[in-house]
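Biologist: I've got the fold open on my screen. Can you walk me through the main pieces?

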Amino acid sequence: MLNIGVIGCGAIGRDHIRRLTDIVPGCQVVACADYFEEAAIKVAAQYEGMKAYKTGEELIAAPEVQAVVITSSDPSHAGYVLEALKAGKQVFCEKPLAQNAEDCEKIIAAEIAHGKRLVQVGFMRHYDRGYAEMKRIIDSGELGAPLMIHACHRNVSQPDGFQTEMGVSNVAIHELDICRWLLGDEYKSGQVLKVRQSACSTKGYDNPQIVLLETQSGARIDVEVQVADAYGYDIQCQVVCEKGTVNLPDPYAVVKRSNATRSFPILTDWKDRFIEAYDIELTHWVKTLEEKGEPDGPSAWDGYAACVAADTLNRSRGTNQFLPIEMMDKPALYQ
């Protein structure tokens, strides 16, 4: 059994603890920690044999913890990942890997010093059946070369303290990852645009925004980012190829016909939209560690690539021009 410690006992942390305990075979959660100690104590009390630690650093250093899952607030991710790498422990970090590309580079350097992969980033869309089938079709070449991607990321609301830049670095970070994964291509340049603002958006941040990207091969990507005051949690993606298109399917839903209307429910919670992908993702992570001793999912390099793109896009805001997305040479560890 792989002994796991989870740092962060908020919504996704509690959901991952449930998942690792009840669904994922070959592992057990033996420890948890949270910035608010009482939150960790409350969670630990719900599970037999789970210990609550006062800090994430104490959890990482605990001898019974073999692997670490980080689901704490975004600004804390890089510090905990670096601490886990210092301890030589496997670490699964929810997105984003860090708040900026500079911290990602520190993580990459620390991982390279170990000579093997220890980090997996929680880009769970790689494990969504819809995206996986899109990737298979694109890679098969049956539709010719991919030319464009049209995508959107719509959320119902955001917590207090949300800022314009977070629409890219926190929300659209998933699209920045999944688009380069679908195309098998790195980014060349990018720009983010402020468009006509929704009358419902009165919280002090830009909403909606449009992200524009160009890849090294010349493919173009546009992403509508609507972070709040929309109608539901709605993720859309269409890849336009030379000989056809491939679309991300909507989640399965029963269609209701009544009173001269045809309707089906729209999800409002991200945990429900990608619940199966999360299950598959963490099951694969644990199984791969058991069989190979290191992860093979989204890497620190993938986390870095997404952060470089996000940093560049946020710098482009208000400039009315595409800015070059410049990355360091890809280390051999991630080839």
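Modeller: Let's start with helix H11, residues 300-316. H11 has 17 residues and reaches 24 Å from its first C-alpha to its last, close to the 24 Å expected at 1.5 Å a residue. That expected span is 1.5 Å times one less than the number of residues. Helices (H or I, at least four residues) and strands (E, at least two) are DSSP runs, numbered from the N terminus.

Biologist: What kind of model is this, and how are residues numbered?

Modeller: This is a predicted model: local features need pLDDT of at least 70, side-chain atom pairs count only at pLDDT 80 or more, and totals for chains, interfaces and linings use all residues. Residues are numbered from 1 along each chain as its sequence is written, and side-chain values use heavy atoms, with hydrogens and water left out.

Biologist: Back to H11. How many of its residues are buried?

Modeller: 15 of its 17, so H11 is mostly covered. Buried means under 20% relative accessible area, exposed over 50%, partly exposed in between (1.4 Å probe, protein chains only).

Biologist: What sits at the ends of H11?

Modeller: Serine 299 caps the N-terminal end, with a side-chain oxygen 3.2 Å from the backbone nitrogen of tryptophan 301. After the helix comes glycine 318, with a positive phi near 85°.

Biologist: Now H6. Which of its residues are buried?

Modeller: Gly130, Tyr131, Met134, Lys135, Ile137 and Ile138. Seen down the axis of H6, the buried residues fall within an arc of 165°, so they line one face of the helix. The arc is taken from the directions from the helix axis to the C-beta atoms.

Biologist: And which residues are on the face turned away from the buried side?

Modeller: That face of H6 carries the exposed residues Arg129 and Asp139.

Biologist: What covers the buried residues of H6?

Modeller: The cover includes S7, H8 (173-183), S11 and S12 (244-247).

Biologist: What caps H6?

Modeller: Aspartate 128 does, at the N-terminal end: a side-chain oxygen lies 3.0 Å from the backbone nitrogen of glycine 130. Just after H6, glycine 141 takes a positive phi of about 80°.

Biologist: Which strands make up the sheet with S7 in it?

Modeller: Seven strands form an open sheet, in the order S12-S11-S7-S10-S9-S8-S15, with mixed pairing. Strands pair if DSSP finds at least two bridges between them. S12 and S15 (323-324) stand at the edges with a single partner strand each, so one side of each has no neighbour in the sheet.

Biologist: How does H6 sit on that sheet, and what about H8?

Modeller: H6 packs on the sheet, touching S7, S11 and S12, and its direction makes about 5° with that of S11. H8 also packs on the sheet, touching S7, S8 (187-194), S9 (209-215), S10 and S11, with its direction at about 155° to that of S7. Axes are lines fitted to C-alpha atoms, for helices over the stretch in contact, and angles run from 0 to 180 degrees between N-to-C directions. Contact means heavy atoms within 4.5 Å.

Biologist: How many bridges does S7 make to S11 and to S10?

Modeller: Eight bridges join S7 (residues 146-154) to S11 (residues 234-241), running antiparallel. Histidine 150 stands opposite glutamine 238 there. Seven join S7 to S10 (residues 220-226), running parallel. On that side, arginine 154 has glutamine 226 as its bridge partner.

Biologist: Changing topic: serine 72. Is it buried or exposed?

Modeller: Buried, with a relative accessible area of 16%. Serine 72 lies in the loop between S4 (67-70) and H4 (77-86).

Biologist: What does serine 72 touch?

Modeller: A polar contact of 2.6 Å joins its side chain to that of serine 76. A polar contact is a pair of N or O atoms within 3.5 Å; within protein, one must be able to donate a hydrogen and the other to accept it, and residues adjacent in sequence count only if both atoms are side-chain atoms. Leaving aside neighbours within four places in sequence, serine 72 is in contact with Ile7, Gly8, His77 and Tyr80.
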